[in-house]
Amino acid sequence: MSTSSLTADDLEFLQRPLHGFLSMAGGPVPPQPRPVWFEATAEGTIQLFSLPDSPKVRHLGRDPRASIVVGAPVGEPERWVSVAGRTTVEPGGAHELCRRLAVRYWDLDDPARADVLSEMLAGDLVRLVIRPEAVSRYAL
């Protein structure tokens, strides 16, 4: 099933601490997806953070299209959601997003993880926002 927006079921699934696999249209050919932390917003966008001089951001400068695919882990019924659309690089909100995602994906009671988060937050970050133009999904 394909639409241009995320459904309530999609958003519920995407709130879980799952990895997304991000591909950039302006990236290498063939595409080389990378695992990323992400957040699905109530407004129906997907956001993630990156360093401002990362390959992701450079690729977006050449072509703003990106896609992310998120799948259920092994042991669960097959399910995935794919979101593709134009992506913007936003200067604000990246540090807050990084902090929220670290809480979601890591146990910050672990001093090593807390130290890594502190290092991440000390650097420059930008927020990448994918605005869905095509959403595909599958669930058993």
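Guide: This is a predicted model. A place to begin is strand β2, which is joined to strand β6 (residues 65–71) by five bridges, the two running antiparallel.

Visitor: Which residue in β6 does Leu22 stand opposite?

Guide: β2 covers residues 20–24, and its pairing with β6 is antiparallel. In that pairing, the residue of β6 opposite Leu22 is Ile68.

Visitor: What is the bridge partner of Leu22 in β3?

Guide: β2 also pairs with strand β3 (residues 34–36), in the antiparallel sense and over three bridges. The bridge partner of Leu22 in β3 is Arg34.

Visitor: How many of the five residues of β2 are buried?

Guide: β2 has bridges to β3 and to β6. The strand is mostly covered, and the number of its five residues that are buried is four.

Visitor: Why does Ser82 count as buried?

Guide: Apart from residues up to four places away in sequence, Ser82 touches Ile68, Val69, Ala134, Val135 and Ser136. The cut-off for buried is under 20% relative accessible area. Ser82 counts as buried because its relative accessible area is 18%.

Visitor: Is Ala102 buried or exposed?

Guide: Ala102 lies in helix α3. Beyond four places in sequence, Ala102 touches Trp37, Leu108 and Leu117. Its relative accessibility is 0%, so Ala102 counts as buried.

Visitor: How far apart in space are Ala102 and Ala114, C-alpha to C-alpha?

Guide: In sequence, Ala102 and Ala114 are 12 residues apart. Ala102 is in α3, and α4 covers residues 111–122. From C-alpha to C-alpha, the distance between Ala102 and Ala114 is 8.9 Å.

Visitor: What reaches the backbone nitrogen of Ala112 at the start of α4?

Guide: Helix α4 has 12 residues and reaches 16 Å from its first C-alpha to its last, close to the 16 Å expected at 1.5 Å a residue. At its start, the backbone nitrogen of Ala112 has within 2.9 Å a side-chain oxygen of Asp110.

Visitor: Why is β5 largely enclosed by the rest of the structure?

Guide: Side chains in a regular strand alternate between the two faces of the sheet. In β5, Ile46, Leu48 and Ser50 on one side are buried, as are Gln47 and Phe49 on the other. The strand is largely enclosed because the number of its five residues that are buried is five.

Visitor: Which residue in β8 does Leu48 stand opposite?

Guide: β5 is joined to strand β8 (residues 126–139) by five bridges, and the two run antiparallel. The residue in β8 opposite Leu48 is Leu128.

Visitor: With which side chains does the side chain of Gln47 make polar contacts?

Guide: Gln47 is in strand β5 and, at 7% relative accessibility, counts as buried. Glu39 stands opposite Gln47, in a pairing where two bridges join antiparallel β4 and β5. The polar contacts of the Gln47 side chain are at 2.5 Å with Glu39 and at 2.8 Å with Arg127.

Visitor: Which residue in the turn between β4 and β5 has a positive phi?

Guide: The two strands form a hairpin with five residues between them. Ala42 has its place in this loop and counts as exposed, at 74% relative accessibility. The residue in the turn with a positive phi, about 90°, is Gly44.

Visitor: Which element has the lowest mean pLDDT?

Guide: The chain averages a pLDDT of 94, and 99% of the residues score at least 70. Strand β4 (residues 39–40) has the highest mean among the elements, at 98. The lowest mean, 74, belongs to strand β1.

Definitions and conventions: Residues are numbered from 1 along each chain as its sequence is written. This is a predicted model: local features need pLDDT of at least 70, side-chain atom pairs count only at pLDDT 80 or more; totals for chains, interfaces and linings use all residues. Side-chain values use heavy atoms; hydrogens and water are left out. The expected span of a helix is 1.5 Å times one less than its number of residues. A polar contact is a pair of N or O atoms within 3.5 Å; within protein, one must be able to donate a hydrogen and the other to accept it, and residues adjacent in sequence count only if both atoms are side-chain atoms. Buried means under 20% relative accessible area, exposed over 50%, partly exposed in between (1.4 Å probe, protein chains only). Contact means heavy atoms within 4.5 Å. Two strands pair if DSSP finds at least two bridges between them. pLDDT is the predictor's confidence in each residue, from 0 to 100.
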